There are 2 protein chains.
Amino acid sequence: MAVPLDPTSSGFLFAENRNQPMHVGGLQLFDPPGNAGPDYVRDMFTRSLGADEVAPLFLKRPHRSLSTGGQWVWTEDDQFDIEYHVRHSALPQPGRIRELLALCSRLHGTRLALERPLWETHVIEGLEDGRIAVYTKMHHALVDGVSSMRLLQSVLSTDPAQRDMPPPWGRRPERTRASMRGSDDPAPALLDLPASALGSALGLATEAAGLPAALVRTLSRGLRNEASALSLYAPRTILNKPITGSRRFAAQDWEIERMRAVGAATGATLNDVVLAMCSGAMRAYLVELGALPDAPLVAMVPVGLKAREAHTASASGGNAVGAVMVNLATDLEDPGDRLDSIHRSMRSGKEALGTMTPAQILAMSALGMAPAVLAPMLRLHGITRPPFNLIISNVPGPRTPHYFNGARLDGMYPLSIPIHGMALNITCTSYDGHMGFGLTGCRRTVPHLQRLLTHLDDELAALEKATGIA
Amino acid sequence: MAVPLDPTSSGFLFAENRNQPMHVGGLQLFDPPGNAGPDYVRDMFTRSLGADEVAPLFLKRPHRSLSTGGQWVWTEDDQFDIEYHVRHSALPQPGRIRELLALCSRLHGTRLALERPLWETHVIEGLEDGRIAVYTKMHHALVDGVSSMRLLQSVLSTDPAQRDMPPPWGRRPERTRASMRGSDDPAPALLDLPASALGSALGLATEAAGLPAALVRTLSRGLRNEASALSLYAPRTILNKPITGSRRFAAQDWEIERMRAVGAATGATLNDVVLAMCSGAMRAYLVELGALPDAPLVAMVPVGLKAREAHTASASGGNAVGAVMVNLATDLEDPGDRLDSIHRSMRSGKEALGTMTPAQILAMSALGMAPAVLAPMLRLHGITRPPFNLIISNVPGPRTPHYFNGARLDGMYPLSIPIHGMALNITCTSYDGHMGFGLTGCRRTVPHLQRLLTHLDDELAALEKATGIA
């Protein structure tokens, strides 16, 4: 029952090495229900091991041998062992967020064993505030970052009274599926989709992977034309260096209301404010290290496009995605000026995207979906400068409280993939009035990563001040 | 300052792969001093990060490139980061030994990052009885199993009042070194030794590694002569299969007094009783799985030889080591008969060892020191049967209580290296009246490894009954 991997997924397996593990992660925080006893976490853990049936996505493992002609194929793990994949951990005293982030950093820096299905879930107890943390790690060959966050959401319920809910890897009974479609979550029940569609919730990875030529054509054009959506004049920074395999993860959330108020006062979007916070934080961080380049940093920002507008067909009916190169204006001193500049850069980038051909948009998508294959491809064409300095993604999540067997989801933070030349990744996701920032960096290349949290916080305050709100 | 690795150490790096990580481990349990406060473990952890100076052994990392001609060399890690190597963990509730063994199994199943110095120490809190666990992992290219256990012991003190003791990776001040020599620990201060000597506390690995020809001659002789110290008629068992990279670790200790009493009643040595316990446990385990072979299992048992008797010179002044192939008599039903048979097999093996030439003994040593290189070498010579079924080592430790900054060492358990064709390793170490058994197996090849603990316990009771003690 061997099924060949699609080219994108294979690419992620081939691109992986010790320094560059190709898995995405999600950290979720849950508030246990009011009547939770001392054995709540252990019971939750034990029950999660006992799922009646495991969904195919969580059973398949990659395999490659002479008989497959050296190609990667998916094969069902005939010795599947749930206890290997689902693990129970605890934080050392005093169990602050600091200890949790240290543990997640460590877990995210270890490679998944390719001989087994490509996922792990860690149920983590010992937070001083009594919350339960769940860190889930999935290989990018199995699922991309957006899909993995949606997958984790898709098993939750809006009903705090609902019980007997299976874990993400459990196969959902028909009844639950129907009720899930009624929720405000825009994602379809991802477990229903075939693996190839699941490979990209955005529906384009597979097609885009076949378009390296279009990609390079688009990039070349970008190199010659600054006004294009692809501005490739990113400065060299400390982030654009080779990386090692160890990771540092930092995460925090901010009230969306505060961020929206900044946007409303200036005509900027929520996403612009996210970018402005990142810009100010990066500037402060690089200044502290004496490493701020004269030229502004360029961020690659994946943006969703309605499939119809983009004139692309998507097999899974998902959204098309494009990538906008945004001038982060880190050369400007004033927070308000930076926000302005980002807003304009983002808007002109989106407009440029609207005038691109479907092939170009597909090629752009490959930028976002397969950053690891980008660097060698650029080198092949004599392009040695970083095409951008970092990737900043913003993945919308559910707006209302969600529950897992009565435990309230309290926060959700994505962990992404630093790659050679792109040592830091910032991914945000919104949930129930908060914007969760997840910063994943190479521990060695990006020193003192956690300082960025303070800088993000300072920057939001500075933006409030600059826009006359606070 | 690149120093070439000796051939044995290089061999361990080359032999390593995902399924066969080449590190040894040690689990130590400590009782905190009576006045320990709630921050005791965190303080201990934080202090251990602050060692003034780090010993060279813990700073060097392997490196291989075109400029080294593809050879492995040691180079000092110029970005050494103690926080990567020393980690603070906790057990989930209820913090039983079961949770501790699960954590150690997981930690032992992850490869060390070759880009960094080849060691990790995990300070683990959360045991329900208030004890502190310390799991240390070192690559076999750096230090063998015996040396690593001795290294961990060598930093301890017999004085419960002593404080300001540096961790194993801290460089010892002159004064402390002198006082350590006064202890009853037979090992010299290992940190004083040059790395090449440290590579083997037994002092022979380097020399033996140059003797593949002698090794094969000795093995070939063994194949033709059952009466030799090398009996190679080991049956095929489930243990002698390819392994995966995941590990299961089980550990427990028993009172040496009970074991000695069994020996005294039958004229057997303490080591014979260790082997008899393992024999009975393996028999019960394999019977349960319906996998007991008709022919008795053969264990490879490393034995110490006085260097003078073995007519070998040892650079570091350590002991020479040989290996005896012991018939474990798993075909016999009666525990007393098994002990008898093991006692005779062990004695005749030792006698045979006494009549071997130095070259033969050196070659035998390579068996114990470099099991990973053995299998390919045997296949090269058309020998496809397992030369033995498992390795059982017994490493003597200190006899009196030892302390680390006032915390009393309460137990010590070695974690060893399963290899392809040798999926289970049993290593014992004695300390303060107890014999600690550490069982390390491939999680997939050796199912229900923890059952062996019950069987070991049952077997000691059965031996006591068989010898009329209980």
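The crossing of helices α11(A) and α15(A) is right-handed, a crossing being right-handed if the near helix is turned clockwise from the far one by less than a right angle and left-handed if anticlockwise. Helices (H or I, at least four residues) and strands (E, at least two) are DSSP runs numbered from the N terminus. In this predicted model, local features need pLDDT of at least 70 and side-chain atom pairs count only at pLDDT 80 or more, whereas totals for chains, interfaces and linings use all residues; side-chain values use heavy atoms, with hydrogens and water left out. Residues are numbered from 1 along each chain as its sequence is written, and chains are lettered from A and ligands numbered from 1 in the order in which they are written.

In chain A, α11 spans residues 270-288 and α15 spans residues 451-466; their axes come within 8 Å and cross at roughly 125°. Axes are lines fitted to C-alpha atoms, for helices over the stretch in contact, and angles run from 0 to 180 degrees between N-to-C directions. Angles under 35 degrees count as roughly parallel, over 145 as roughly antiparallel, 65 to 115 as roughly perpendicular and the rest as oblique; α11(A) and α15(A) are therefore oblique to each other. The residues of α11(A) in the contact (heavy atoms within 4.5 Å) include V273(A), M277(A), A281(A) and Y285(A), and those of α15(A) include L452(A), L456(A), L460(A) and L463(A). By class, this contact of α11(A) with α15(A) has 12 nonpolar, two polar and three charged residues. Here Ala, Val, Leu, Ile, Met, Phe, Trp, Tyr, Cys and Pro count as nonpolar, Asp, Glu, Lys and Arg as charged, and the others, Gly among them, as polar.

Helix α15(A) also packs against helix α10 (residues 256-266) of chain A, at an angle of about 40° and with the axes 9 Å apart. The crossing of α10(A) and α15(A) is left-handed. R258(A), M259(A) and V262(A) of α10(A) meet L460(A), A461(A), L463(A) and E464(A) of α15(A). The residues of this contact divide into five nonpolar, no polar and two charged.

In chain B, helices α11 (residues 270-288) and α15 (residues 451-466) pack at an angle of about 125°, with their axes 8 Å apart. The crossing of α11(B) and α15(B) is right-handed. By class, their contact has 12 nonpolar, two polar and three charged residues.

Over all chains the count comes to 30 salt bridges, each a side-chain nitrogen of Lys or Arg within 4 Å of a carboxyl oxygen of Asp or Glu. In one of these, E120(A) pairs with R87(A), the closest N and O atoms being 4.0 Å apart. This pair links distant parts of the chain, with E120(A) in strand β6 (residues 119-125) and R87(A) in strand β5 (residues 86-90), 33 residues apart.

Most residues other than glycine have a negative phi, and most peptide bonds are trans. The bond from Q93(A) to P94(A) is cis, with omega near 0°, and P94(A) is found in the loop between β5 and α4 (97-108) of chain A. A cis peptide bond also joins Q93(B) and P94(B). N405(A) has a positive phi near 50° and is found in the loop between β12 (403-404) and β13 (407-415) of chain A.

The model scores ipTM 0.73 and pTM 0.78. Chain A averages a pLDDT of 80, and 75% of the residues score at least 70; pLDDT is the predictor's confidence in each residue, from 0 to 100. In chain A, pLDDT stays under 50 over residues 174-214 and over residues 366-370.
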